[in-house]
Structure formats: C-alpha cells, structure tokens
Amino acid sequence: MERTNNMGYGITYFLISLTNRCNKHCEYCVVKRWVNNLEFPDKMKTEDLIAFLKKEFQAGDVVELTGGEPTLFLDLEMLLSWLKEHEARVILRTNGLHLSKWRGNYDNLVVVLAKHDSGDDYMNERKKYLLPCDLVLDGIPENIKQKKRFEPVFIADETSPLTSHPFKKTCFISADGKVKSMPCCSEDMGTVWDYTPRLYRCCKDCSHTLGAWNLVQRIGNQFFTQRT
Ligand code: SF4
C-alpha cells in the first residue's frame, strides 16, 4: 500500500543543487550558466536545508544532491548523516572530487560518478570507494552532447527498465535557496527560508524524475520494501 504523509501525498522527489561551484569547466556542462559564475553565489548552509526538509520530508522520500560539484558543499557529511538518520533514499552526482572513505557510511545512497575529462588513474582511485550499487558514467551521454549550451537538460539513468515512478510531488532547490517544482518549471515556490509546504508537480512524464526513481532502485531492499 502506498504511504502518504500528513499532507495526503506519497513519495516526494527533492532535487537539490548544493553549490554552483565546481573544480571543472566542462564545455558541455548543462548548468554552465551558473557554475563558477559570481552572479550566482551559493547561499544555503546545511542547517538551512535541514530546516527546510523538516517541513515536509518523510522517510523513504528521494533526495538527489547535485551542483556544480556537490562534494564542495561545506558539511556534506552532516547533511548525509541527517538524511540517513531520517531514512532518505539519496542520489549523489559527483565528478569524484572529494569522494573517499566516508562513502561507505551511507548504505541509503547511490553515487553517480561521472568521468568527464578526468584521466583513468583518477577514476581508478575514486572507484575504490564505490559500493556495488553505484554507477560510473565513463563518457558523455549523446543526449547531453547534442543539446544546446546553457539549455538545462537532465540525464535519465537508462540502466534500469522502469518506465514509471511514484512521485506525487517534486521539489527543486537551487544553490541560492530558491524553491521550484523542477529546474525547468516557472512556478515560484519561495525560498528554503520562507517555504510553505504545498502539493505541486510540473510534468508527469519528466525523464529526470524517472531517472531518479530508476537510480534509487540500485540502493537495495532495506528501504524499498516498506515504502513503495
Ligand atoms: S563537472 Fe559537472 S558541474 Fe562541473 S563543469 Fe563539468 S559537467 Fe558542469
């Protein structure tokens, strides 16, 4: 039976851009407009995000952490610990910059490690820290290469065959603390500091949310058996 929270809806998908900073400058970057651009400074601290999540997060919800490079976010481990304690299913998209032993502390997490222009030695070093559920993207997907620069597009994980997801609500938080339904959505939902929970989802068939649901299937049954 599908779980619902006290607002009457089921699993929520939170997509959080933790930082606009990145150690790389990839030509095909889908968030290039924001990355390392001083016009778009980071504004959130871990405490801000946790206070926001406490307003409506429920165990079993999916939280995808991205950027920029999310391992540059100060206190990433504090956020990951809170998410584990509250039984979130977490996706971390990273180029592996600060990936290390801490990864083994989070069995509620799937890491998507992207090679970008990194060398094989760098990748082999980072892969040592991955768990079997993690995904390595060794190349640049064709659908990204072919998109226009600055056009935000998202990668669906095609390694799983699921064609539907259970999300009744989506919530995107940008590194400046603004809240929308998804990055491409024009609906303004305030900021993490003044956010009032509401039920909103922009596109039913969004490929990014489907990709996220596919990705969290890789984590394992300890979370899924009770909460789908
Ligand atoms: S590593 Fe990712 S976020 Fe950073 S510039 Fe490259 S594509 Fe963009």
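1. Read along the sequence, the protein follows the pattern β-α-β-α-β-β-α-β-α-β-β-α-α. That gives 6 helices and 7 strands, where helices (H or I, at least four residues) and strands (E, at least two) are DSSP runs numbered from the N terminus. This is a predicted model: local features need pLDDT of at least 70, side-chain atom pairs count only at pLDDT 80 or more, and totals for chains, interfaces and linings use all residues. Residues are numbered from 1 along each chain as its sequence is written.

2. The 7 strands form an open sheet in the order 5-4-3-2-1-6-7, with mixed pairing; two strands pair if DSSP finds at least two bridges between them. Strand 5 and strand 7 (179-180) are the edge strands, each pairing on one side only. Strand 4 and strand 5 run parallel and are joined by 3 bridges. Leu113 stands opposite Val136 in strand 5.

3. Helix 5 packs on the sheet, touching strand 1, strand 2, strand 3, strand 4, strand 5 and strand 6. Its direction makes about 110° with that of strand 3; axes are lines fitted to C-alpha atoms, for helices over the stretch in contact, and angles run from 0 to 180 degrees between N-to-C directions. Contact means that the C-beta atoms of two residues, placed from the backbone, lie within 7 Å.

4. Helix 5 (residues 207-216) is largely enclosed by the rest of the structure, because 7 of its 10 residues are buried. A residue is buried if 20 or more other C-beta atoms lie within 10 Å of its own, exposed if 12 or fewer, and partly exposed in between, with C-beta atoms placed from the backbone. The buried residues of helix 5 are His208, Thr209, Gly211, Ala212, Trp213, Leu215 and Val216.

5. Of the 228 residues of the protein, 34% count as buried. Among contacts between residues at least 6 apart in sequence, 68% join residues at least 24 apart.

6. Lys101 lies in the loop between strand 3 and strand 4. Lys101 counts as exposed because it has 8 C-beta neighbours inside 10 Å. The C-alpha atoms of Lys101 and Tyr129 are separated by 6.0 Å, though these residues are 28 residues apart along the chain.

7. The residues around the ligand include Cys22, Cys26, Cys29, His25 and His116, each with its C-beta atom, placed from the backbone, within 6 Å of the molecule. By class, the shell has 5 nonpolar, 5 polar and 2 charged residues. Here Ala, Val, Leu, Ile, Met, Phe, Trp, Tyr, Cys and Pro count as nonpolar, Asp, Glu, Lys and Arg as charged, and the others, Gly among them, as polar.
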